[in-house]
Amino acid sequence: MRGSRATSLAILSGVLAGGLVLQAADRSNPGDTEVADAVTAGTAIPAAAPPGSLTSTWYCAGGSATKGGVADHVLLIANPTDEDRTATVTAIAGDFAPPAVIPDSTTTDDPAATTTTTAPTTTTAPTTTTTTEAPVPVAPTVVDLPAHSRVELAVSDLVDAPLAGAIVEVDGGQVAVEHQVTSAEDGRATAPCSTTAATSWSFPWGVTALGARELLVFMNPFPEDASLDVVFATDEGAREPLRFRNFVVPGRSVVGAYVDDPGGAQRNEQVSAQVNVRSGHLVVDRIQIFGGDDEDDREGITLGLGAPVPAETWIFPDGYISEGIRQQLVVFNPSEAVAEVEVEIRLDDPETNPAPEPFEITVLPGRFAIVELPDPLAGPDDPPRVPLGVAHSSIVRSLNGVPIAAERVVISSDGATLGVGATLGSPVIAPTWYFAGGGIIEGEREEVLTLFNGSVDEIATFSVIGLVDGQPLALPDLQDREIPPGGRISLRLSEHTDRASLAIVVEADGPIVAERGLYRVNGRGISQSIGIPLAVDVVVPDPVEG
Amino acid sequence: METPPPGADAPDDAPLTTLPTAPAVVAVVVARDPGAWFEEALTAIAEQDYPNLSILVVDAHSADEVKPRVGRAAPGAFVRRLDDDPGFGAAANEVLEVVDGAAFYFLCHDDIAPKPDVVRILVEEAYRSNAAVVGPKLVEWNNPRRLLQVGQGMDHAGFGVPLVERGELDQSQHDAVRDVFTVPGACTLVRADLFSEIGGFDEGIDDFLDDVSLCWRAQIAGARVIVAPDARVRHRDHLAKSRGVNERRRTQARHRLRILLSCYGPVALAIALPQIILINLLEIVYALLAGRHRRAGDVVTAWTWNLRRLGELRVARQQVKGFRHVKDREVNRAMVRGSARLRQFGRGQIGRGEDRFSGLAKGGRGVADAFQSGSLRASASVWAVVVLVFLAGSRHLITRGVPAIGEMVSFSSSPLQMLREWVSGWRPAGLGSESPAPTAFGMLGALGFSFGGATGLLRTVLTIGLIPLGAVGAYRLPGPTRSRHAQIACLLVYVTIPLPYNALASGHWGALGLYAAAPTIVGLLAGAGGLAPFGSVGSATGPGMKPRRLRAHILSLGLVTAVLATLLPVAVVIVVGMALALALGGLLAISARGSARMVLAAIGGAGVAVALHLPWSLDFLLPGATLSALTGPERATGSSDLAALLRFQVGPLGSAPFGWCFLVAASLPLLIGRAERHAWAVRGWTLALVSFAAAWAAQRGLLPVSMPPVEVLLAPAAVGLALAAAMGVAAFEVDLPGYRFGWRQIASGLAAAAVVVGIVPVLGASFDGRWSMPAGDHRRTLSFIDAENDAEPFRVLWVGDPSALPLGSWRLDDGLAYGTTDRGTAGVEDLWVGSDDGPTRLIADALDLARTGQTARLGRLLAPMGVRYLVVPASLAPAPFSSTVIAVPASLTATLAAQLDLAPVDVPAGLTVYRNEAFVPPLAEVAAGRTLPTEGGIAAALPLDLSTLPPALPNDEGFLRWSGPVEAGTSVFLSAASSDRWRLEVDGQLAERTVPFDWANAYTVPADGNATLGFRTSPLRYGVLLLQALAWLWVLRLLLRRRLNGRVAALAIASVADEDHDEDDEAER
């Protein structure tokens, strides 16, 4: 009996103790728990659906669809596959939200919109609801997409409205959709449409200074109304204007709002905007217009999505500063923790050009920080930290894991290329990139392709293919070219083709980032944007190792 | 036989012995297989000093004729032999046939020995007191100084009130002549003319309480009943002892009721009946709570026995009416006020083999004994507390209903609807299939009818009622240990383990079912193993455990498993797992004998359960079935804190330090137990540890297969610990005295304290009246869905964590499941969904397409499936009723929010509801000239806008049958899995069927007219179901015959030790 008691006691207590020890050991090793990565292609950055996808859906928010509009809206749909496809395009009409009026006002002249304001009290925050009536639904249009081709579709052909967006539903994957806005006075900008509707959008850069207009275009493609708040970060701190509190975007509509209108953000040289969607999901584009009459004589128009998901690393393949070209890297921290950020500049030809010391900046929650190149505060005799006339790429990375959003702005007063270009960086690297827009007209329009090798160890070999008249065109001298590890290459496409309508596909054997610059030669117009990765083998770069 | 008439002229003051002729007395001795004492008894009667006594011996068909023995002991006695044994009363009535002219009858059992002056004293007292019935003082045969009875009173419900304590020392303290309601039936002097007038004894009462009947009837006739204690009669009480306490009690209950029903006049009976019924009900409740099912059965069968004899009762009442000279109220004055039964309860006398002969007389001595022997009084007290706490803790659930959370869905369907679903060959779950319906539909339908259609009450009983059921099982489990304290400990530990309350709070009905059945299952497994005290292996068999063949154990286990599997299909596997764990425990305890039988019984029982659930079982066995059909889809891995699991803290209850008490209490037998008590403690612990390990591994996602909810996995642990705790108490009583004083005594004290302290959390949890269940549920929030569904049917698609879904579901992804309802919100018929093999899987395919970003038109994909609403629960109940959030994967939320044709519906937090704007009615009319694609699968619906299709066949003709007008050339689309058993007839003409989208049904209408669409169930299915029903009845009948031996308690099949504390009590006496 004594033996069996001891045996059973030993085994039972051993099992129990073993389990508890195992549990304790497991607690001390929390690394086993995987945290879902929020940065995915298609969400953090527009991405083409992979092969075999049943459908792919694109949301093109910003632009006008009426004569004399501020930004004529054109859709650019590229089908680089071997199969004909069909796209169903549903235009969504919209209008500008009326500017806020004096606090007691409850009516506007616009019968289609109302603005109501509740006076603040001591116990509750003042709330403002801006609503615009939902537009009449527009019947969808079916568009054929022949293989290896690009289709352009003016939204104004589908609907006549002060503002109009579009939903493009394609019966398959591997299709890229961009949109283009053109202002008769301010130029043209091209950028990818979105493949996601999100609940938050971060716009690191924006200018509301005199002579500049910042237009946020909210598109709600869903049946139900959405509401949102916008918080602006300025040099003077955060601002939450009543006009953008509980801002309602009716279901299946587009609403545009000038940030600089009365009741919005005040006139500021730099405004970061954080859009928080209270209910529903939205797509938000920003159209920034400079008339050339601001303090810096900036001219041009930019178009771009915000960042729906902040990331720890943002890569900008292109970069160049000179006497007439300056650059800003705007880092915005939408989170609630302080971000420790490093901005690395990688110069071309590193053997000749020593790497400049990285910029280390601290970005407070809800605030922004700017790295200006060249440094405006440097004295005339100070050697520039980043040399002028040497092309470079930029990598913005958060060192303490706090996700951020980063945008690069290029202001060119160079006589050859005049204008302002802005683009978010790429939070991912991928082997295949699409550009639906673009084209070259000798002496009038130029297109520059810049590729960044996301690998610091291996050479990336790439080829560039154009989609021309239903055929894939391997651009001469752009086949099986190499990019050094961690380096970049910039390609002036006019040296390889003269197609006025040119959608291109970049295919590499390793993860890269592709950026495109569209320039108006001897005129106003710079449009820069990261390409559209194919959602296959997409990698999120490690902020420390990358 | 001539005897002198009663002397009417006897002087008042002269002793009778001086009379020239004493009244003739005939002693009537009814002999019924008398024992060796018979001669002594006859001699004592023959030696009476009464001068005019004759003896008539009525031989009630004794096996050996008594005539020779009578001749030797009482040569002058007459003997009359009967052809059968009609019982004492009827046999004594023979005197009316064969004797004439007697003044008194001295009616005697064959086991009494009166002192020589008894007849004289009785006759003298009869004359002196003008009494017609006179009884003596009965004393014990072997110890005449101990009293047995000196007459007794009676209350209005027929329960006797003894005037002396049985076994009381006779010190002449009760020697006064007094009026009583009844006198001892073993020896009674009754005036002959009265006896004749009332027709003697009531012959409907063969034995027991015949004296009560006689005395009552005598009083109705105006006679006086007295006791003359100077007359001393020794009594062996052989009749009572020879029958056994159970038969005695059962017979008394029947006869008592017959006496009441026959002796009371109409008005008095109307007044007394409610009191009788109330007391009977209280007695039934008490008996059930005390685990004395036979006693409850006795009360019930007393009524059925009498109701079957209504004709006899009518005759008896007529007879009484014929000789009634005194009104009931006069007789009632002689009765005791109040209820003797309740007073007995108050004194702790009920249950100790109580009957007129033994229990009541123990009086105050029994109270002390009850405490000292830890027996019924203690059990009753503990049970009273348990019931009180349970009722207090469940009060809001009982009065306001159990909220529909988790698996505890509403019983919205009528019993008829449930039976129809069971019988039908079409199962609507998902997109429908021809798979067999769960047995539960049939059972719930039948139960619903037995509840008179009160399905809400049925639901309450089947949810919170499972907790007391488990408690009863736990109390009975250690019965064979012969220790009521062990039973009490097992009960206390089992009911204070937080598992059932956490299961209630999280809506895990299946876990409650296993909690209720687990003690019974362990008891059956133990019985099958035959290990002491559940069998004879190793030591003596405990009370109530009879050796049975393995086949009988298998049948018992099979039936219990089958009943449990109705609610929790995975129980078939769990029971085998429990047997393996117990067998492993046997190995650890170095007591492996019987383990193989245990496992064999479990496997066999599982086989029986599977067979009893045919054809439903095929759903889990045929190709295409997945394990998740049995266990439910994988759940999101929950808290893997082993310490919390050890405390059963899988819900609001179980936090430290109180949560550790059960483990402390259960540890005692491992330290002090010996022999089978130690072995069973090790088995209990092994069962618990295996259960904990399974739960832990499942919570951490370490197992390669899907597992049932953690509460289900922990239920065996609860019974394992409770069993160990019970063995600890048994060891305390049996083993501890063998040790010297030391740490073992201290450990025992700690264990006892742990049991007591462990009660605290449950007491605290009882305050809210609902065991932490939310006060509301999602039904009100989603009532608009029910309302719309009533107007136009559609499907609702539910997606989310399986724990949050109020219905049976299928796996979509890790921690993500989906299910459908087709009658609005979920009902009980949606709980068992079986396999999703077939078209139903297309729903998951559609969801996967959306989740992988391949479509933003999920609504269109779901439209042909008739899905109008998509519901994602993120809590068991809406705010503010529940603050517990069950995480919904962000990817799912984002996916659904990104769909262009799903419109969110404004509902309170805890739910996300989308309306499908592309919805197509499940029965839709397709215009002439338009055809639905028959290729391309679900994706073929993507480019189609079918939202404009109008509903078709609007008239609901009953289950799976619709009708309505149709036009030639149009089509009728039916959103159900393709089957040629669906048929559309237009005025008798069969419509051609196509298969749109590769899975649905569409019918081209051949002509204008009235169309009927319906599903034709295969006749084969009806045959199979008939066989299934017969199989259940066969097993039930077999078990009832074998195990219950004709007793009441139909479902006490499992039984462990039940019973026979009565026999223990008898032995104690």
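Exposed means a relative accessible area over 50%. The structure shown is a predicted model.

**View 1. An exposed loop residue of chain A, Asp477(A).** Asp477(A) sits in the loop that links β31 (471-474) to β32 (481-483) of chain A. Its relative accessible area is 57%. The cut-off is over 50%, so Asp477(A) counts as exposed. Phi of Asp477(A) is near 65°. That is a positive value, and the residue is not glycine. Most residues other than glycine have a negative phi.

View 2. Is His61(B) buried, exposed or partly exposed? With a relative accessible area of 40%, His61(B) is partly exposed. The loop holding His61(B) runs between β2 (53-59) and α2 (67-73) of chain B. His61(B) is not a glycine, yet its phi is positive, at about 55°.

View 3. The bond from Leu373(A) to Pro374(A) is cis. Its omega is near -10°. Most peptide bonds are trans. Pro374(A) belongs to the loop between β24 (368-373) and β25 (392-398) of chain A.

View 4. On either side of the loop with Pro615(B) are two helices of chain B, α27 (595-612) and α28 (618-621).

**View 5. A buried threonine of chain B, Thr781(B).** Helix α36 (residues 778-781) of chain B contains Thr781(B). Thr781(B) has a relative accessible area of 16%. Buried means under 20%, so Thr781(B) is buried. Which residues does Thr781(B) touch, leaving aside those up to four places away in sequence? They are Pro878(B), Val907(B), Pro908(B) and Leu911(B).

**View 6. The contact between chain A and chain B.** Chain A brings 30 residues to the contact, and chain B brings 41 residues. About 2,800 Å² is buried between the two chains. Carbon and sulfur atoms give 63% of that area. Three residues stand out on the side of chain A: Arg5(A), Leu12(A) and Leu54(A). Together they supply 22% of the area that chain A buries against chain B, more than any other three residues.

View 7. One salt bridge pairs Glu917(B) with Arg252(A). Their closest N and O atoms are 3.3 Å apart.

**View 8. The side of chain A that touches chain B.** Which element gives the most? α1(A) does, with 15 residues. By type, this side of chain A has 14 nonpolar, ten polar and six charged residues.

**View 9. Chain B as a whole.** Chain B has 1069 residues, and buried residues make up 61% of them. The chain holds 42 helices and 27 strands. Take the contacts in chain B between residues at least 6 apart in sequence: 76% of them join residues at least 24 apart. The accessible surface of chain B is about 39,300 Å². Of this surface, 58% belongs to carbon and sulfur atoms.

Key:
Residues are numbered from 1 along each chain as its sequence is written. Chains are lettered from A and ligands numbered from 1 in the order in which they are written. This is a predicted model: local features need pLDDT of at least 70, side-chain atom pairs count only at pLDDT 80 or more; totals for chains, interfaces and linings use all residues. Side-chain values use heavy atoms; hydrogens and water are left out. Contact means heavy atoms within 4.5 Å. Buried area is the accessible area (1.4 Å probe) that two parts lose on being put together, summed over both. A salt bridge is a side-chain nitrogen of Lys or Arg within 4 Å of a carboxyl oxygen of Asp or Glu. Helices (H or I, at least four residues) and strands (E, at least two) are DSSP runs, numbered from the N terminus. Ala, Val, Leu, Ile, Met, Phe, Trp, Tyr, Cys and Pro count as nonpolar, Asp, Glu, Lys and Arg as charged, and the others, Gly among them, as polar. Buried means under 20% relative accessible area, exposed over 50%, partly exposed in between (1.4 Å probe, protein chains only). Accessible areas come from the Shrake-Rupley method with a 1.4 Å probe; for residues, only the protein chains shown count as cover.
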